[in-house]
Amino acid sequence: MRGALLIVKKEFMELSKDRKTMFFTFVMPLVLFPLLFGMIGKLGKNDKAERTGRPSRVCVVDDSGALAGVLTGNPKEFQVVERPSGDLKQAIRDQKLEMSLEIEPQAADKQRRQETWSVKAVYDRSDESSALALDRLRKAVASRDKVVVQERLKAMGASTQLAVPTRIEPDDAGGTSRALGKALGSFLPYMVMMMMFAGAMQHGIYATAGEKERGTLLSLLSTSIPRSQIIIGKLLYVFSIGIIVAMINLLSMAFAVTRLVGSEAAAAGQGAQAMPGLGALASPGTLGLTFILMIPLGLFFANFIILAGIQAKNTVEAGTAIMPGMVVVIFLGVFSMAPGIEKMAFLPYVPVVNVSLAIRKLFSQQANYWEYTVALLMTIGLACLMTWLSTRMLRRESAIFKV
Amino acid sequence: MIQISDIYKSFNVKDKKSRSRMRIEAVRGISLTVKPGEIYGLLGPNGAGKSTTLRMIAGLMLPDAGTIQVCGIDSAKEPERARSTIGYLSTDLSVYNRFTPRELLKLFGEFQGVDAAVAERRGLHLLDRLHMAEFADVKMEGFSGGQKQKVSIARALLHDPKVVIFDEPTTGLDVLTAKTVLDLLGIMKAEGRSVIVSTHVMPMVEAICDRVGIIFEGTLHGDASPREILDRWKVRTLDEVFFQLVADKERGVA
Ligand SMILES: Nc1ncnc2c1ncn2[C@@H]1O[C@H](COP(=O)(O)OP(=O)(O)OP(=O)(O)O)[C@@H](O)[C@H]1O
Ligand SMILES: [Mg+2]
């Protein structure tokens, strides 16, 4: 093992000499996600804040005055404006106002006679501000109606509760954490897989086919370090890079997400408790089990990269051999994000897919320990098999000396 | 001590034109011995099989048949132990550009199981001998080919190997540096190491080699001192031995 560790040391030393690569591997992702998410958040927030913070502009034709109090008594939500000249619908589509209301002339009389009267509301469903105006109207009218009904019941000497015969009290069994966990669980394995693979790929090529190309591999092979140790050392290096890159990206992403959602919750006046941090989304047990599963998966990827790199004559060949692997990883990732796939019976036995499936189930609190174990053992087995193959490959002379 | 007996090596290559596989018999039954305190020179035209032979001795390739013993260790059976006694250098082997010579030598010292401090001291001493001391802490990225070759030489000798295998050590070096390398080989010989070098530089062979083996098409012709070789072929320079071998072959074919 000493030889393998020396190789790991050498690889990291080489990497540390290359400031630019270091920056793009380790620092870039730290800055990227907060920047990206911050930007998206700001854009989204500005738009939303502008909509909800502004009263809806409504023009009203209300000769009977039946709705007058509802609109003017609510200046935060409604601003009564002049009816624009020209085509009314076009004016709404042009966002000159959000909604136009026309109350039937006999509304006040009808109400007195306890008959239903109607309001004609013209709005544009495709426009969020306009849809919001209708929503606000519905709520305002509903609360006004409740008062009217309760007054009538009172006058009749009946219970005011007749106005609300049944009240529904919803209670989310999953809770916010589960809903978020599910969303995150289907997304996270994909991100982790992608990052581990993409992060390690170039470094793996540099350390294998790159060493051949630069003529340095031969100097390593002429030392007394056994070839199997050289492979294992390089494997550990590529694996560590993959894990480190995935970790950095995850942390950066988690930080960016919690800040984004947190600030949104604060803006909505819900306070901090509305948005559980990532720690609350997934229990330490879930995070631990996910991490354990990531280890053999990372080893498997590292093995694939090393194997492709060591059999290639040069870096271009290695890159083109690894690319299909990348495509497969992306495909599997997208596939495992698809809804409903957890019901396919054979999936827990398909390598790599079963890992993302297991992580997904862990996050949505549906863990199946048999499937988890199968995924873990299968991936470990595959990783070992490929390590053995890589070692054999390095023993082959055609892999070392160009033919 | 190097003892090779009757080694063979062939390669399968593809002939692009006829689309058939071709078998190249690079080494066909070579036997030789290099004693401690002896410099053995391998000569031969391009593609004769010199590098292949040296790679097999260094344990980088396995012979198809025959045995190789380095310091009494069978290099096929215990390649790592055999390699720990060997200092190998070849032109198709390069240095890690991102390091300085000092960093590289310390690292390879560790690879070879030499204490870091010892490796550094010995490495610096070797660099000094090769007139590279002032470049010890300069990143090798900008080094010339010859400068890299000199660092490679220091790397190969770092672990005090009993057996020194140099494949064309002076290729790409200027005459002064080449002379330094030859002097270094002389010191290796004086220290009782077994040295085997391949080269195309005939005067070098005549100057420093105790024994000479001429490889031609995978077989060894003459395995004697330079003097004896010249006498046997009745020629004045080793170059002429080459011409004769080629002429003999053409006569044989005709
Ligand atoms: N890895 C390999 N694959 C296929 N053929 C090879 C390989 N290595 C060497 N050969 C062939 O074996 C023969 C001997 O090559 P070798 O490199 O030993 O020659 P050499 O004597 O060192 O020549 P030079 O003086 O040009 O360095 C050549 O015909 C070469 O093409
Ligand atoms: Mg050669």
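Trainee: Which residues line the largest cavity in this predicted model?

Mentor: Rolling a probe the size of a water molecule over the atoms shows where empty space is left. In this predicted model, the lining of the largest cavity consists of Arg51(A), Arg54(A), Pro55(A), Ser56(A), Glu98(A), Ser129(A), Leu132(A) and Arg136(A). The space inside the largest cavity comes to about 40 Å³, and the count of cavities of 30 Å³ or more is one.

Trainee: Which helix gives the most to the lining of the largest cavity, and how do the lining residues divide?

Mentor: Helix H6 of chain A, residues 128-156, gives the most, with three residues.

Trainee: Is Thr170(B) buried or exposed?

Mentor: The term buried applies under 20% relative accessible area. Thr170(B) therefore counts as buried, since its relative accessibility is 10%. Thr170(B) sits in the loop between strand E7 (163-167) and helix H6 (175-190) of chain B. From Thr170(B) to Thr219(B) there are 49 residues in sequence and 24 Å in space, C-alpha to C-alpha.

Trainee: How many salt bridges does the structure hold over all chains?

Mentor: Over all chains there are 32 salt bridges. In one of these pairs, Arg144(A) and Asp145(A) meet through their side chains at 3.4 Å, N to O. Arg144(A) is buried, at 19% relative accessible area, whereas Asp145(A) is partly exposed, at 33%.

Trainee: How far apart in helix H6 of chain B are Lys179(B) and Asp183(B)?

Mentor: About one helical turn separates Lys179(B) and Asp183(B), because they are four residues apart in that helix. The two form a salt bridge whose closest N and O atoms are 3.2 Å apart. Lys179(B) is partly exposed, with 48% relative accessible area, and Asp183(B) is likewise partly exposed, at 40%.

Trainee: Which residues are joined into one network by salt bridges that share partners?

Mentor: The network joins Lys10(A), Glu11(A), Glu14(A), Glu211(A) and Lys234(A). Within it, Glu11(A) pairs with Lys10(A), their closest N and O atoms being 3.0 Å apart. Glu11(A) and Lys10(A) are both buried.

How values were computed: Residues are numbered from 1 along each chain as its sequence is written. Chains are lettered from A and ligands numbered from 1 in the order in which they are written. This is a predicted model: local features need pLDDT of at least 70, side-chain atom pairs count only at pLDDT 80 or more; totals for chains, interfaces and linings use all residues. Side-chain values use heavy atoms; hydrogens and water are left out. On a 1 Å grid over the protein atoms alone, a cavity is a set of points where a 1.4 Å probe fits but cannot get out, and a pocket is an open set with protein on both sides within 12 Å along at least five of seven lines; lining residues have an atom within 4 Å of a point. Grid points are joined across faces, edges and corners, and a volume is the space filled by probe spheres set on the points. Helices (H or I, at least four residues) and strands (E, at least two) are DSSP runs, numbered from the N terminus. Buried means under 20% relative accessible area, exposed over 50%, partly exposed in between (1.4 Å probe, protein chains only). A salt bridge is a side-chain nitrogen of Lys or Arg within 4 Å of a carboxyl oxygen of Asp or Glu.
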